[in-house]
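Student: Let us go through the terms used for this model. I want each label set against its rule.

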Amino acid sequence: MSTPPPRVERDALGIERVKSRRDLFDRILIGTSLAALVLPLFALLVLFGDVFGDALPRLHWDFLSSYPSRHAAQAGILPAFVGTLCLMVLTAAMTVPIGIGAAIYLEEYAKQNWFSRLIELNIANLAGVPSIIYGLLGLELFVRALEWGRSLLAGAATLSLLVLPIVILASREALRTVPASVREAAWALGAGRWAALSRVIVPMCLPGMLTGVILAMARAIGETAPLITIGALTYVAFLPDSLNSPFTALPIQVFNWVSRPQSEFHTNAAAGIVVLLVVMLTLNAVAIRLRMRLQKRYQW
Amino acid sequence: MSKDVSIIGREPWSERVARSAFLVCGALSIFVTAGIVFVLVSQSWGFFAEVSPWQFLGDTQWTPLFADKHYGIWPLLTGTLLTTAIAAAVALPTGLFAAIYLSEFATPRARQLLKPALEVLAGVPTVVYGYFALTFLTPLLQRVVPGLAGFNALSPGIVMGLMIVPIVASLSEDALFAVPPSLREGAYALGAGRLATTFRVVVPAAVSGIGASVILGFSRAIGETMVVAIAAGQQPTLTLDPRVPIATMTAYIVQVSLGDTPTGTTEYRTIFAVGLGLFLMTLVLNLLSSSLRRRLTAGGQS
């Protein structure tokens, strides 16, 4: 069997090119891999379109300012929205000092020994623990052992443990961007470790740390499973008034509505999702803007 | 460092306070892990005192909430493995090819745009994916797949796959990008096309990093909760049929948490026994993945 003679063509520069099966395979590969990249993004657009289309009849200001109800058309997300806001503020208040503190310890103080390696390995593994396991920990530790009950405080503490690895990793990255010369300059001027950190290093990488914190909050805001596990209520007709008060949150309210068979409640779920996505995407956009401004500010 | 300070005088108290405060923050993460292990093991201990491990591993029914109680983990395990397998079947080829495009063919500008876009997929809350699987994908699939129930393993599995694509793509892309350009140029110089270069040279050189991304994807799928809790039906069934309602380990924990099972009962402890299994499975996969990734950074030039 003889191979067919190759087709010879001239390209734009007039150079002879042999058209072969190889070129065809290459083009198939590029096409397939581009499709593999574009298809998931297309699916994401379909998802956004589907949710937004479903939600349209319920997207009203009333929806934000009403309490949940047995009548789907009157039900709103006020307690869930307030609950989520409270959770986020509390979670941030707990995660930020601990997460940044741990990052500072690992980057600035820890010697290269077994203990710091253990902490690093441990944090990497914690980042991979399924979120529902944190729910089980929160249930036994915060709800039962510390007797905080099924409260806002227990919910925020659980979420805080969940996003701690994200804040630690991001803060370490931020600390690593500060050049050694800046640190040494501070020490040379007589600053101790603490003074150098609090006056020079941390203020310099604060925007970077803040980016990590915002991304962590964007993750925490959508977490449902751990809050269900610690027993957050799915039907709340009042606003939380203290740290110990029972609560619900946006994703839980959405889950509650999705779980009902009636399609009117599915409409409510879609509207709740739109609110959730708007808040989450806003947080992400702020983080990206912050990162871009940061890259412009310090040029070494 | 304390040596240098001692030339001038004693380390001031503020330095010592700061040092210990940061140490406490760093050590806290170890207490979190210890807490997880303690809670899961102590509650599971109570569970296995009442239910023999042989029944747990031998029985083929899981009905702790019914009058006729059976504690066989297999229905939950097959449910978890089934949805994970479907998710992997979607995420592995898609993620790998997306990584190949980003690393081998995309212009720097396209990379800069497409990578964050892909990250959005990973950031969408999982209840949203659950809603999408239940109200959009399942009705769509019911037109194509005969006998597909309203709750099934197929639809949440596919949606979970979509969710995992960015994890597989991003880590695989790092691995492919780390392959030295000289290897590609060598292949081109020998007359290989892009197809041959990619699959005979670049992918084999990055295989441990790609493996790490795949394993991490599996771990994510096993631990994923809300998609399956919403769209798979919460019915523990020993089956590998993707068209019928099933329950995963995670969905079972959610189901018990939503009910009012009294504390201290065997039914209550089941969620910790299931949680321990879940924790061990994901831990092994995560450790495997990070050891593969370390091999990548240690021996990049192979």
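The dialogue below takes the chain interface, a helix pair and a salt bridge in turn.

Tutor: Ground rules come before the labels. This is a predicted model, where local features need pLDDT of at least 70, side-chain atom pairs count only at pLDDT 80 or more, and totals for chains, interfaces and linings use all residues. Residues are numbered from 1 along each chain as written, chains are lettered from A in the order written, and side-chain values use heavy atoms, without hydrogens and water.

Student: What makes chain A and chain B be in contact?

Tutor: Contact means heavy atoms within 4.5 Å. By that rule, 72 residues of chain A touch 75 residues of chain B.

Student: How do you know what area is buried between chain A and chain B?

Tutor: Buried area is the accessible area (1.4 Å probe) that two parts lose on being put together, summed over both. Here that comes to about 6,400 Å², with carbon and sulfur atoms giving 80%. In chain A, Leu29(A), Leu37(A) and Phe255(A) lose the most, together 10% of what that side buries.

Student: Why is Glu120(A) with Arg172(A) called a salt bridge?

Tutor: The rule asks for a side-chain nitrogen of Lys or Arg within 4 Å of a carboxyl oxygen of Asp or Glu. The closest N and O atoms of Glu120(A) and Arg172(A) are 3.3 Å apart, so the pair qualifies. Glu120(A) sits in helix α4 of chain A and Arg172(A) in helix α6 of chain A, 52 residues apart.

Student: How many salt bridges cross the interface of chain A and chain B?

Tutor: The rule finds zero there. Over all chains, the structure holds 12.

How values were computed
Helices (H or I, at least four residues) and strands (E, at least two) are DSSP runs, numbered from the N terminus.
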